[in-house]
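Q: Can you walk me through this one? Keep it quick.

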Amino acid sequence: MENRRTILFSGSGTNGDLYPLIGIALEISKRGFPVIFLVNEFYRNLVNDHGFGFLSTGTKQRHIEFHSDARTWDPASDVVEIGFDGFIRQTIEASYRHVIEQHKKTRRLAVIGTYPLLNGATMAADALTIPHTTVTLSPRYIPSHVAPPAPLKWVLPNWISPTVKRPIFKTISYASARRLMRKAYFQRLNEMRKSFGLDPISTSQMVGTFSEPHLHIATFPDWYAMRAPDWPPDVHTVGFPLFSHGDQGACKAVDDFIDSQGSPLVFTSGTGVKDSESLFHEAKKICASLALPGLFVGSVDSRVECSEDRFLHVDYIDFKYVLPRCRVIVHHGGIGTLAEAVRAGVPQLIRPLAFDQFDNADRAHRLGLGSFILPKYFEEKRVTPVIRALLAYRQASNIIDVFSTEVNDDQAIPKACDLIEDYLSH
């Protein structure tokens, strides 16, 4: 076999951000490519469990502090501003340094990374002209003035024509970009880029394609996000790269619960959210009102009474395993959870908190995959009728079945690896 390049995977965020990279790495390693992950110490065990090389980009404690900060999940906050000095800057510097050091060892490297604006590995690849691929996990992160993501698209009513909307959205985008670029942390980001031998980020890059990858893979299907006319021409959509990292220890308890209580409603706060007590308490009231069992997946305070005859709490379970046996899932709008719900043919109620979750909620609603409700309205008296309607809708419509078939037939990970392998071969 020819001498394969070592591929450095660089990612940040929560488990949902890392799992697609793990799935791609498993397939690409089978094709003979050595793999090293540049991620936070928080993910060392996950990476090691799959036999990949590991290089730490920061301490576990800083990861936990950043993701436990309530401001991180407040849509009114500037998340980068909150975490730049205490967490993000160190991650960029460590990722950049690791790539430089690996490049000294071997010139046969390639980089695959997410969120290139804040990715030190991508910056190093640019500086050293190393082949690199950007993986975009959600359409929210592909700038468009023709089809902007929610909540920006909600600014203007639907009856306004696209020809009128486009210049308005463009004006809003440029104004937002200029406001961000005036912030102190953005100046420090550009100073870092200068020290790396890179040009500063411009306004046009902020509202367009802020990185210029040699290969750009979007890990969602065309039916989920139709290509907008002003998307970069080099974006390859491959489908949802579904990858499960199951906790079999939880399965026995869940199996026993479903066998005794019947098909439950599922509630989850997402892997990055630590403050989920309010969701937990409302979930119990919703289940009681509907006289249905409930399964809560996620972290809750140890002082909270978790388990009752009709309600079970587990910290984590593989959704691929459990969702086919459930009625409805209520979740935060992470695109990985959304895709698992579609695969299982389960209607979903999304309670978006931040990042791409509002856009995912909007798309799921428009496609007939479920509905959404904003957190400030998430209370039993409002949510119970919505779930009741979703249960009736599931019985009356086959739309979810159609999309479920699409997802189950998808070959997103092999498609992504074919693109990567073809790109590196040239």
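A: Here is a short tour, from overall build to core. This is a predicted model: local features need pLDDT of at least 70, side-chain atom pairs count only at pLDDT 80 or more, and totals for chains, interfaces and linings use all residues. Residues are numbered from 1 along each chain as its sequence is written, and side-chain values use heavy atoms, leaving out hydrogens and water.

Q: How many helices and strands?
A: The protein has 16 helices and 13 strands. These are DSSP runs: H or I of at least four residues for helices, E of at least two for strands.

Q: What share of the residues is buried?
A: Of 426 residues, 53% are buried, meaning under 20% relative accessible area with a 1.4 Å probe, protein chains only.

Q: Switching to the inside. Which residues have the most contacts inside the largest nonpolar core?
A: Ile-7, Phe-9, Leu-18, Ile-22, Ile-28, Phe-37 and Ile-420, in a core of 33 residues. A nonpolar core is a set of buried Ala, Val, Leu, Ile, Met, Phe, Trp, Tyr and Cys residues joined through side-chain atoms within 4.5 Å.

Q: Which elements supply at least two residues each?
A: Among them are β1 (6–10), α1 (15–30), β2 (35–39) and α16 (412–425).

Q: And what does Ile-7 contact, beyond four places in sequence?
A: Its partners include Ile-28, Val-35, Ile-112, Ile-420 and Leu-424. Contact means heavy atoms within 4.5 Å.

Q: What lies apart from that core?
A: Another core, of 30 residues, including Val-111, Leu-117, Ala-177 and Ile-201.

Q: Last one: what box do the C-alpha atoms fill?
A: Roughly 60 × 50 × 40 Å, along the principal axes.

Terms used. Buried < 20%, exposed > 50% of the residue type's maximum accessible area, 1.4 Å probe, protein only.
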